[in-house]
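Here are my notes on the model you passed along.

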Amino acid sequence: QVQLVESGGGLVQAGGSLRLSCATSGRTFSTYAMGWFRQAPGKEREFVAAISRNGGTYYVDSVKARFTIYRDNAKNTVYLQMNSQKPEDTPVYYCAGSMNSFPRGYYSYSQGAEYDDWGQGTQVTGSS
């Protein structure tokens, strides 16, 4: 059974940094494309970042140059390093995995429907 478990959420000050982790099991991780999404209360789920099987990365414009997604295939884990936190960066973050081919590049990676498996989410909370 496939499992994705996020961790690393918590309290972060504006301008601060936080690193999220997503550990996976039940799949051959190196064949899995991974994505991060986030959802604030009352809002739709939003694409944040994705990393392909080959390490190619994709980001929504609002986090470019502030967030970095990377993977460690030896640890079956994908990370999201979040720097220069803004108030809008503090919803629940979900990681997702997919065996799909993503034929349309960024558009495909940004669509939640392209992902097969999801974690339970980790909360990021801003503090003043």
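Predicted model: local features only at pLDDT ≥ 70, side-chain atom pairs only at ≥ 80, totals over all residues.

1. The structure holds 1 disulfide, and the partners are Cys22 and Cys95, with sulfur atoms 1.9 Å apart. The torsion about the S-S bond of Cys22 and Cys95 is about 45°, so the disulfide is right-handed. Cys22 sits in strand β3 (residues 18-25) and Cys95 in strand β9 (residues 92-98), so the bond ties together parts that are 73 residues apart in sequence. Both cysteines, Cys22 and Cys95, are buried.

2. Leu4 is worth a look alongside that pair. This residue belongs to strand β1 (residues 3-7), and with a relative accessibility of 6%, Leu4 counts as buried because the cut-off for that label is under 20%. Leaving out residues up to four places away in sequence, Leu4 touches both Cys22 and Cys95, and its other contacts include Ala23, Thr24, Tyr32, Met34, Ala96 and Gly97. Leu4 also touches Asp117, Trp118, Gly119 and Gln120. Thr28 is 24 residues from Leu4 in sequence, and their C-alpha atoms are 13 Å apart in space.

3. Beyond residues up to four places away in sequence, Ser98 touches Thr31, Tyr32, Ala33, Arg53, Glu114, Tyr115 and Asp116.

4. Ser108 is another serine to check. Its place is in helix α1 (residues 106-109), and Ser108 is buried, with a relative accessible area of 1%. A polar atom of the Ser108 side chain lies 2.9 Å from the backbone nitrogen of Arg104. Not counting residues up to four places away in sequence, Ser108 touches Phe102, Pro103 and Glu114. Glu114 is also among the contacts of Ser98.

5. Turning to the other end of the chain, Val124 is found in strand β11 (residues 122-127). Val124 is buried, with a relative accessible area of 0%. Leaving aside neighbours within four places in sequence, Val124 is in contact with Gly9, Gly10, Val12, Leu18 and Leu20, and also with Met82, Gln85, Asp89, Thr90, Pro91 and Tyr93. For Leu18, the separation along the chain is 106 residues, while the C-alpha atoms of Val124 and Leu18 are separated by 8.7 Å.

6. Please check two backbone angles by eye. Most residues other than glycine have a negative phi. Asn76, however, has phi near 55°, a positive value, and Ser84 has phi near 50°, also positive. Asn76 lies in the loop between β7 (67-72) and β8 (77-82), and Ser84 in the loop between β8 and β9. Asn76 is partly exposed, with a relative accessible area of 28%; Ser84 is partly exposed too, at 38%.

7. Buried, partly exposed or exposed: where does Gly56 fall? Gly56 is partly exposed, with a relative accessible area of 27%. Its place is in the loop between β5 (46-51) and β6 (57-59). Leaving aside neighbours within four places in sequence, Gly56 is in contact with Ala50 and Ile51. Tyr79 is 23 residues away along the chain, with 14 Å between the C-alpha atoms of Gly56 and Tyr79.

8. Last, the pocket. About 160 Å³ of space lies in the largest pocket. Its lining is made up of Arg38, Gln39, Ala40, Pro41, Lys43, Glu44, Glu46, Pro87, Glu88, Thr90 and Pro91. By class, the lining divides into 4 nonpolar, 2 polar and 5 charged residues. Thr90 and Pro91 are also among the contacts of Val124.

Key:
Residues numbered from 1 in each chain as written. Heavy atoms only, no water. 1 Å grid on protein atoms, 1.4 Å probe; cavity = no way out; pocket = protein on both sides within 12 Å on 5 of 7 lines; lining within 4 Å. Points joined across faces, edges and corners; volume = space filled by probe spheres on them. Nonpolar A, V, L, I, M, F, W, Y, C, P; charged D, E, K, R; others polar. Helix = DSSP H or I, 4+ residues; strand = E, 2+ residues; numbered from the N terminus. Buried < 20%, exposed > 50% of the residue type's maximum accessible area, 1.4 Å probe, protein only. Polar contact = N/O pair within 3.5 Å; in protein donor to acceptor, adjacent residues only side chain to side chain. Contact = heavy atoms within 4.5 Å. Disulfide = S-S within 2.5 Å.
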